[in-house]
Amino acid sequence: MVTVLLSGEDYLSTNEPSRFSREFKLEALRRMEAGENVSDLARQLGVSRKSIYQWRNRYRLGGSKALRGRGRMTNADRSAHEERPAAEKQPDKEARRTSLEELARAQRRISALERKIGQQQVELDFFQQALRQVRDQRLRSGVPGGTASTKSSKR
């Protein structure tokens, strides 16, 4: 796999056509999915936000093959793109529903993990308090560094 460095300054300084390579688009989508702000990403890359969202929609519908590289669209590509019936636009809704289901599943998992962290914190606080009490009992013996007598050892 080719790693493409995406930098708006580098792109804008060259006199290349306004078409972008498939790798460029995939890298932009990867950064978008990683959580980068789309406006900032578009500004850095020298493209419009609309283009990034169009790339994302095409990618969701047809994978990386749906993202054309540089050059003109062939007649076969054009006819395949234009002849898409309305029934094929449903995968976008299906992808959105799947995405929402994954989001809900992730939020439930986060809630469960947060509860677990809270329980562990309560246990940690309990054991720290118990350790402090044991330390305090040992220091009450009157001799620095000595251990206090316990009830079972007193006769």
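Predicted model: local features only at pLDDT ≥ 70, side-chain atom pairs only at ≥ 80, totals over all residues.

Me: What distance should the 14 residues of helix H4 span, at 1.5 Å a residue?

Reply: Helix H4 covers residues 49–62.

Me: Where do the buried residues of H4 fall, seen down the axis of the helix?

Reply: Ser51, Ile52 and Trp55 are buried in H4. Seen down the axis, the buried residues of H4 lie within an arc of 100°, so they line one face of the helix. In general, an α-helix has 3.6 residues a turn, so residues three or four places apart point the same way. For H4, the place asked for is one face, within an arc of 100°.

Me: Which residue just after H4 takes a positive phi?

Reply: The residue sits just after the end of H4, and its phi is about 75°. That residue is Gly63.

Me: How are the rings of Phe20 and Trp55 arranged as a pair?

Reply: The structure holds 4 aromatic pairs. In the pair of Phe20 and Trp55 the ring centres are 5.6 Å apart and the planes stand at 70°. An angle over 60 degrees counts as edge-to-face, so this pair is edge-to-face.

Me: How many residues apart are Phe20 and Trp55?

Reply: Phe20 is in the loop between helix H1 (8–13) and H2, whereas Trp55 is in helix H4. Both residues are buried. Their pair links distant parts of the chain, 35 residues apart.

Me: Which residues do ring pairs link into a cluster with Trp55?

Reply: The rings of Phe24 and Trp55 have centres 6.3 Å apart and planes at 85°, so this pair is edge-to-face. Phe24 lies in helix H2 and Trp55 in helix H4, so the pair ties together parts that are 31 residues apart in sequence. Ring pairs join Trp55 into a cluster with Phe20 and Phe24.

Me: Which side chain of opposite charge is nearest to Lys25, and how far away is it?

Reply: Lys25 is found in helix H2. Leaving out residues up to four places away in sequence, Lys25 touches Phe20, Trp55, Leu67 and Arg68. Lys25 is buried yet has no salt bridge. The nearest side chain of opposite charge is Glu23, 9.7 Å away.

Notes:
Residues numbered from 1 in each chain as written. Heavy atoms only, no water. Helix = DSSP H or I, 4+ residues; strand = E, 2+ residues; numbered from the N terminus. Expected span 1.5 Å × (residues − 1). Buried < 20%, exposed > 50% of the residue type's maximum accessible area, 1.4 Å probe, protein only. Arc of directions from axis to C-beta. Lys, Arg positive; Asp, Glu negative; His and termini not counted. Salt bridge = Lys/Arg side-chain N within 4 Å of Asp/Glu carboxyl O. Contact = heavy atoms within 4.5 Å. Phe/Tyr/Trp six-rings, centres within 6.5 Å; stacked < 30°, edge-to-face > 60°.
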